[in-house]
Amino acid sequence: MSSTLDGDAVRRVLEDMHSAADRDDPPLIAQARGKGGTDRTALLGEAFIPVDRHAGRFLYTLARASASGTIVEFGTSFGISTIYLAAAIRDRGHGTVITTEIHTGKAQRAAGYIRDAGLSDLVDLRVGDALETLKDVEQDVSLVFLDGWKDLYLPVLRLLEPALQPGALVVADDLDLFPDALKPYLAYVRDPTHGYVSVTVPIGDAMELSARAL
């Protein structure tokens, strides 16, 4: 069976987005490092800051193989990872991607890319603080992808825990980029008393893959 990733629309949109990120992100991120406050936020608001192609296919594979249910993404950005996840939903034949983005401009651009990929019917894109936009997710979550503000990984996971299916997968991105900020999150999921089995996966900027063991 062919993959939605290989369809014309999805392949074209993803390649255009990855190419734009490869071209545009390095100078934007370099400029942001020298800025503070609103200037830094504005510059990062123009950057994709995406998962790379290998990490995207890894997410697709996990989502494609995961149990039926809802996928939740924290940190839409421009929607590259959302498209990989929604493509997996299309191919497995059931579920929805709930994704949330605090930056209105990024969410608007993400909606356009997701529409161009032909996947809008599978995506519930929410704009605002994830601790508010995800409050009503109450059950049936089979996979969580954490890729927003790093100090919110643990609060978002704790918020979603009552909704996680037994065996649900949780993927946290950017371990190599933000090791200090992610220490509390990693300590939590690596402690078996909290109900996870967890392993680091050396893909992209390194991901922590955790399975809900309760």
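Me: Buried means under 20% relative accessible area, exposed over 50%, and partly exposed in between (1.4 Å probe, protein chains only). Which of these does T82 count as?
Reply: This is a predicted model, where local features need pLDDT of at least 70, side-chain atom pairs count only at pLDDT 80 or more, and totals for chains, interfaces and linings use all residues. Residues are numbered from 1 along each chain as its sequence is written, and side-chain values use heavy atoms, without hydrogens and water. T82 has 0% relative accessibility, so T82 is buried.

Me: Which side chain makes a polar contact with the side chain of T82?
Reply: A polar contact is a pair of N or O atoms within 3.5 Å; within protein, one must be able to donate a hydrogen and the other to accept it, and residues adjacent in sequence count only if both atoms are side-chain atoms. T82 lies in helix α4. Leaving out residues up to four places away in sequence, T82 touches (heavy atoms within 4.5 Å) E73, T76, V97, T99, I114 and V123. At 2.5 Å, the side-chain partner in the polar contact is E73.

Me: How many residues of strand β2 are buried?
Reply: Helices (H or I, at least four residues) and strands (E, at least two) are DSSP runs, numbered from the N terminus. β2 covers residues 97–101. On one side V97, T99 and E101 are buried, and on the other I98 and T100 are.

Me: How many bridges join β2 to strand β3?
Reply: Two strands pair if DSSP finds at least two bridges between them. β2 and β3 (residues 123–127) run parallel. One of the partners in β3 is V123, which faces V97 as its bridge partner. The number of bridges is 5.

Me: In β2, which residue is the bridge partner of F74?
Reply: Strand β1 (residues 70–74) runs parallel to β2, joined by 4 bridges. In β2, the partner of F74 is T100.

Me: Which hand has the crossover from β1 through α4 to β2?
Reply: Point the strands away from you: a crossover is right-handed if the path from the first strand over the helix to the second runs clockwise. β2, helix α5 (residues 104–116) and β3 make a right-handed unit. The crossover from β1 through α4 to β2 is also β-α-β, and is right-handed.

Me: How far apart are the end C-alpha atoms of α3?
Reply: The expected span of a helix is 1.5 Å times one less than its number of residues. α3 has 13 residues, so it should span 18 Å. The end C-alpha atoms agree, at a separation of 18 Å.

Me: Which residue caps the N-terminal end of α3?
Reply: Buried residues of α3, among them A55, F58 and L62, pack against β1, α4, β4, β5, β6 and β7. At the N-terminal end, a side-chain oxygen lies 3.1 Å from the backbone nitrogen of H54. That oxygen belongs to D52.

Me: What separation do the C-alpha atoms of G204 and D52 have?
Reply: G204 lies in the loop between β6 (196–201) and β7. With a relative accessible area of 40%, G204 is partly exposed. G204 and D52 are 152 residues apart along the chain, but their C-alpha atoms are separated by 6.1 Å.
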